[in-house]
Amino acid sequence: MDKYQEQPHLLDRHLEGMMNSLLDIIRDSGSPPPLVHLAFKFLYIITKVRGYKRFLPLFPHEVRDLQPVLDMLAKQNPRDPDTWETRYMLLLWLSMICLIPFDLARFDGNLVSMEGQARQPTMDRILEIAKCYLVVSDKARDAAAVLVSKFIVRPDVRQSRMADFLDWVLSMLSKSSSQTMEGTVIVNGMLQALAQLFKHGKREDCLPYAATVLKCLDNCKLSESNQMVLRKLGMKLVQRLGLTFVKPKVAKWRSQLLIGLKDKDTIVRWSAAKGIGRITGRLPKELADDVIGSLLDCFSFQETDNAWHGGCLALAELGRRGLLLPSRISDVVPVMLKALTYDEKRGACSVGSNVRDAACYVCWAFARAYEPAELIPFINHISSALVIAAVFDRDVNCRRAASAAFQENVGRQGTFPHGIDILTAADYFAVGNRVNCYLTISVYIAGFPEYTQPMIDHLVNMKINHWDGVIRELSTKALHNITPQAPEYMANVVLPRLLPLSVGSDLHTRHGAILACAEITHALWYLSCYQSYFLTVCTLIEKLSLSKMPFKGDPIIGGWQWLINDSLRHLTLVSSGARQHIKECAVSALAALCNEFYINERGEADPALQDELVTQYVSELQNAEEMIRCGFSRALGALPRFLLKGRLQQVLEGLKKVTQISPEDVSFAESRRDALIAIAKVCQTVGVKGDGSQEEYVCRDNVDQIYATLLTGVTDYTTDSRGDVGGWVREAAMTSLMEVTLLLVQNEAELINANICKQIMCWLAQQSAEKIDKFRAHAGSVFLTLLHFDHPPVPHIPHREELERIFPRSEKETLNWNAASEAFPRITQLLGLPSYQYHVLLGLSVSVGGLTETTLRYSAQSLFDYMKKIQSDPSALESFCETLLKVFEDNLRNDRVSVPLLTMLDQMLANGCFDMFTEQENHPFPVKLFTLCKEEIKRSKDIRKLRSSIGVDITPTFVPVGTTCGSSISHQDLRVSFLLSSWDCLGQHSFPSLAFDQDTSSSRFCGLIQFQGDMREKIFFQLFLLLCHPFPIVRKTTASQVYEMLLTYGDVVDVAVLEQVMAILSDTNW
């Protein structure tokens, strides 16, 4: 059983079989006593692993079982230490048998035995057994308490025995002392019995006795006991009593539970917290708010860490149950923020990790307790505190708890700044390594401005004076690494705060402050040596060059050139925020230097210098460091014309290689972006001359190559942990395409051929139809700029007149491409223009099948509006379907397109977009679509793709019918076999023509069944196979959708088997 400890639910399907096998041995009169005891021991082991609550209902509880179980219990020795498992299981079994719905007096018959002696009534026998085992010291005592809770609440027993039993329990409590071993055992049993009884008994039955029980419990003074288990049981009983008479005795039970929150043992505090949560849920609003006010008193610095921990647990329970009113947020959040950093020094160590862990639980509960709008004023404080706990807490369990709480808030609230990015870096496993948290993850998170200063302040205030020397050293190193993110704050605020601490009286604080001063000073010097140095030097070189200093031919120019190159090579040493600024300064300095000192009287460059400079820069474009590629790409884009003359092709080839994606540099999106920007700059610098040399001008010989490189950038959809980084490349490519095109139009427009112009406009139209607002807006802006440019107009734009009608010049500046409600109604009109149909449909597939609600709603509605317009035009609908199949075929196994495309197809089928084809038997469109869908998910393990495919009725790699797809569906093969046996009634049935009801919600499932012809048989066969798929979610989804499909299309199934088919689909645990 050991292997099932962590996932005991895996035993559930086998429990009944195991129990029956062992009970057969127990019931066999020929089984020797040792074998019977062994069977009960095995039953106990199973119960221990799965839990008695799950195991209990499986016991047989018929009338015939009562007497044998009572007889077996009568033969037991309550003090035998070797057979306690037998007694424990028999008592649990008896507790189930007690539920039989017959008056126990009916089993007594003649109470005079054959020997003439009076026999004890069955009710008294059971009660005597329960009393006997409530005072034993082994596990049977727990089972006896369960027996009491089931037995005493029976109507017949309650009327005649409940009062006497409670008198006996209370007298035992009064007479027993928790200071002795024997007394502790008795008190334990009595408390368990009472707690179980008040838990399972009806309130009206228990209420008459509750006050007496509470008074007796007060007299026991359990809070003063040194027995943790007794204090915990006392808390359980108090909360059950509180639930019994909430209003009349509210003050009494509340004080006891609040005292329980401060108990020295965790399980007692936990029980008290749960009790407060349960009872507060039954209180009126005013009293519930009073409870919260009393709880907040636990969070004073006069209270111990136990009170803080119990208070946090109670707040979390209240939050989890939705009992923390929004009006209390402003009171609770400050307390919770203090608890997240609670660390009380005790000698050479500290306490408080349990408080911080519980505070994370409170934050986790906040995510479920409040609407996002209610937490908005506190979001920055809560998110910063959780990030700090996840990264800087000393204990791994607290770091992981904070990470889990942060994740819950990101998922449910959706308002935590940079939530997804931080979760990617600081997930459950990443925060397990403390050194990695302090020195790596913290630097990444500090790059987000919302978290930079709170993280620095926490390290300075809470960590550099920590009692653990390792934490102090890690904290100072973290300050060193974070300094580039906020150098001014470090220099102007943090260092002045640290200097007095470095000469303070506390040894730990002095040590941490001195180390922190050293690390921050070193980091600031490092920054000044690089970041400020680079900025200062590059600015100086630029200004001296612009001032026409008389240094032409002087060796110092070589030094200046080296300094610029060095700045471009060391961009990785500066902060990400300053990187772009330094790059621009270096490029500006380079342009000024070249224009002043590298040109001779004839306006030419020195050949040797030109060769050295261009060759060096081009070679750096293949550097293994991405930032070096970025720097030298932009440097090539800044070179003046006289340095590019005769070297243009070499520069363009070098930049082209940077834009190409290879396995080694797939994540180098920034370098690809800068290379595309540089290509446009180079083209603008050298100018256009149609008949010129490709080494000097943009001309007929190289214009196609330039456009090919730029158009490749529009297809970059690279993603990594930062998200859609390919979007940066696409944005730069669109801008460069516009700049190069306008350059050609204004000089030699004949160099732009019709095919190139069509590609540009089509790709821009596709980008204008995609899901990310920022890139859609940029694409739309470029599209309209090219369309309405008239100095002179851009030639060869396909369907110019129709485009100008859809996008009037007067709306060029006012059309908001960021708004899906404005963009998609316009862009879908391009579906009616043959040249744009393919690319617009490709972009719409990603939007309509996406996850963003606003984008999905407006893009889908616009698409359906267009489809509605062409329903009366067979040729237009045929053309659209051909294009749709072409898009699908070209993007097979490209999950970025195919997964949302399947979702879009599901919606289109559900909305009746292809009704025209349902009347025609074996129409080629559904047949081809079915084939493509099957090919798309062949051997796929992508659940989203598989579930999307079921909507259009397809199948992945199928398991042959008649074989078992994993143990979890072995019982389903018979059901599937029945469905297959009905093949003559399903697959071979004569299908009538069915009108597709657009308003029927279930019509979206198994959408291809609406098409007539031989394909329907294939659809049914594929669905049967899908019911045997290895993935449970696929089986379940298939069964659900087939059920709804048959509800919608009832005529496709023979009436003789329909009811049985529907029963199998609905009743089977797929």
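Pro792 sits in the loop that runs between α37 (773-788) and α38 (800-806). Here, helices (H or I, at least four residues) and strands (E, at least two) are DSSP runs, numbered from the N terminus. The peptide bond leading from His791 into Pro792 is cis, with omega near -10°.

A word on the ground rules: this is a predicted model, in which local features need pLDDT of at least 70 and side-chain atom pairs count only at pLDDT 80 or more, while totals for chains, interfaces and linings use all residues. Residues are numbered from 1 along each chain as its sequence is written, and side-chain values use heavy atoms, with hydrogens and water left out.

Most residues other than glycine have a negative phi, and most peptide bonds are trans. The loop between α37 and α38 also holds His799, a residue that is not a glycine and yet has a positive phi of about 55°. Lys548 likewise is not a glycine and has a positive phi of about 55°; its place is the loop between α26 (507-546) and α27 (556-569).

Lys548 is exposed at 60%, whereas His799 is partly exposed at 23%.

**Salt bridges**

Side chains of opposite charge can pair when their charged atoms come close. A salt bridge here is a side-chain nitrogen of Lys or Arg within 4 Å of a carboxyl oxygen of Asp or Glu, and the structure holds 45 of these salt bridges.

| Pair | Closest N to O distance |
|---|---|
| Asp343 and Arg356 | 3.6 Å |
| Lys886 and Asp890 | 3.4 Å |

Arg356 is buried, at 6% relative accessible area. Its partner Asp395 lies in the loop between α19 (379-392) and α20 (396-412), 39 residues from Arg356 in helix α17. Asp343, for its part, is partly exposed at 32%.

Which helix carries Lys886 and Asp890? Both belong to helix α42 (residues 874-890), and because they are four residues apart, about one helical turn separates them. Lys886 is partly exposed at 42%, and Asp890 is partly exposed at 40%. Elsewhere, salt bridges with shared partners join Lys583, Arg634, Glu670, Arg673 and Asp674 into one network.

How values were computed
Buried means under 20% relative accessible area, exposed over 50%, partly exposed in between (1.4 Å probe, protein chains only).
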